[in-house]
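Here's a quick tour of a protein model, written for someone who likes to know the cut-offs. Have a look at the chain first, and then we'll go from the overall picture down to single residues.

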Amino acid sequence: MNEAKLIAPHGGQLINRQVALPALEELEGLPQIEINVRAVSDLELIANGAFSPLEGFMGEADYKRVVEEMRLANGLAWSLPITLSVSKEKAAMLSEGQKIVLSFNSQPVAFFFLNEKFGYDKELEAQKVYRTTDEAHPGVKAVYQQEEILLGGKIELFRKRTPEAPFAPHFREPAQTRQVFAEKGWRTVVAFQTRNPVHRAHEYIQKTAMETVDGLLLHPLVGETKSDDVPAEVRMECYEVLLEKYYPANRVLLSVFPAAMRYAGPREAIFHAIVRKNYGCSHIIIGRDHAGVGSYYGTYDAQHIFKEFEGAELGIQPLFFENSFFCKICGNMASTKTCPHGAENHLLLSGTKVREMLAAGEFPPSEFSRPEVAAVLVKAYSSAK
């Protein structure tokens, strides 16, 4: 089995916009733009092909059609704007056609080839993409905090990862995950997106999906998230102890997804599907309130949005799962599709309740969380006091 038999990247080609670190004299005299953490993660994912077919930050035609129709200007499905903003004053100092240095913490990380600059409507983007203009929504807040002008153009990333980089043992670019899948003889691979520790309900739907495919890509997002989300390093430790004891090692790959979380619910579900297609996955699990936050989206809105696309448009196959739980009468994990018993027999714990238990040093029931995972979380919450 070889990579040619894996699903094709979105748009047909895996983009690579990575270049060697340039000599200092190549940077001298070029205008610079200081970027934030989200832009850095976007840069990395554009450069390594995770955001294929994007080769840089969106121009006006792509931006407008993505916001309005979830399509790039050429009609290809794409659901979230990937943009770079600057102030009006900074934009006035830049000229289209210029080669610019993008810096993070004052360190050069990429070249940016400015093709165009344009204004945009932040409230319209918020309403279309996030379905709300409420600044309490973290994604909307991030849009409102952007500068007034967007810059479109290709990038070349020269900030390379090192063995000391965060999560280095589990970091793989799309070309690398595809190589692993090919070496393992996997042709069908299901992706699981998560920004939370895996509990028994997650484990249940992952293993149900694994019955129908060759392998599982457990692909936790480790980029920028809300301040009250479980820290990425704690989540990674949870995944490691879980996989060590409860999953077949030859059928699972744990690899990090260094993206920023948008909390865009339905639109982000489409985005997560397209990106995992670029990593080589043929299927993706979409559960309840995928990529949601608060009560901004309906429980299964992230599943319904897939009906707005023809199957061939996305290429990757979504696997829809309802809310899972432990049924005391069935004696196992189930969902309303498989369990006939009433809600009073189902073990369901709110996130608030679980956090309270962990903070008090209490282990959640083993029907809710594997004890090894609970131990990692109890330790983390206790040390955070």
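## Overall build

The radius of gyration used here is taken over C-alpha atoms, and the globule rule is 2.2 Å times the number of residues to the power 0.38. For 385 residues, that rule puts a compact globule near 21 Å, and the protein chain agrees because its own value is 21 Å. The C-alpha trace spans about 70 × 50 × 45 Å along its principal axes.

Before going further, note that this is a predicted model, in which local features need pLDDT of at least 70, side-chain atom pairs count only at pLDDT 80 or more, and totals for chains, interfaces and linings use all residues. Residues are numbered from 1 along each chain as its sequence is written, and side-chain values use heavy atoms, with hydrogens and water left out.

The protein chain has 14 helices and 14 strands; these are DSSP runs numbered from the N terminus, with helices being H or I of at least four residues and strands E of at least two. Taking contact as heavy atoms within 4.5 Å, 73% of the contacts between residues at least 6 apart in sequence join residues at least 24 apart.

## Surface and charge

Of the 385 residues, 52% count as buried. Buried means under 20% relative accessible area, exposed means over 50%, and partly exposed is in between (1.4 Å probe, protein chains only). The accessible surface is about 16,900 Å², with 48% of it belonging to carbon and sulfur atoms; areas come from the Shrake-Rupley method with a 1.4 Å probe, and for residues only the protein chains shown count as cover.

On the charge side there are 42 positive and 48 negative side chains, and the centres of the two sets lie 4 Å apart. Lys and Arg count as positive and Asp and Glu as negative, while His and the chain ends are not counted. Each charge is placed at NZ of Lys, CZ of Arg, CG of Asp or CD of Glu.

## Strand S7 and its surroundings

Strand S7 (residues 189-194) is largely enclosed by the rest of the structure, because six of its six residues are buried. Val189, Ala191 and Gln193 sit on one side, with Val190, Phe192 and Thr194 on the other. S7 runs parallel to strand S8 (residues 215-220), joined by six bridges; strands pair if DSSP finds at least two bridges between them. In this pairing, phenylalanine 192 stands opposite leucine 218.

Helix H7 (residues 174-184) has buried residues too, including Pro174, Val180 and Phe181. Their cover includes S7, S8, strand S9 (252-254) and helix H10 (266-278). Just after H7 comes glycine 185, with a positive phi of about 80 degrees.

## Serine 282

Serine 282 lies in the loop between H10 and strand S10 (283-286), and is buried at a relative accessible area of 12%. Among the residues it touches, beyond those up to four places away in sequence, are Ile7, Val189 and Ile316. Its C-alpha atom is separated by 7.7 Å from that of leucine 6, 276 residues apart along the chain.

Most residues other than glycine have a negative phi, and most peptide bonds are trans. Methionine 70 has a positive phi of about 60 degrees and is buried, at 7% relative accessible area. Asparagine 105 also has a positive phi, near 55 degrees, but is exposed at 55%. The peptide bond from serine 52 to proline 53 is cis, with omega near 15 degrees.
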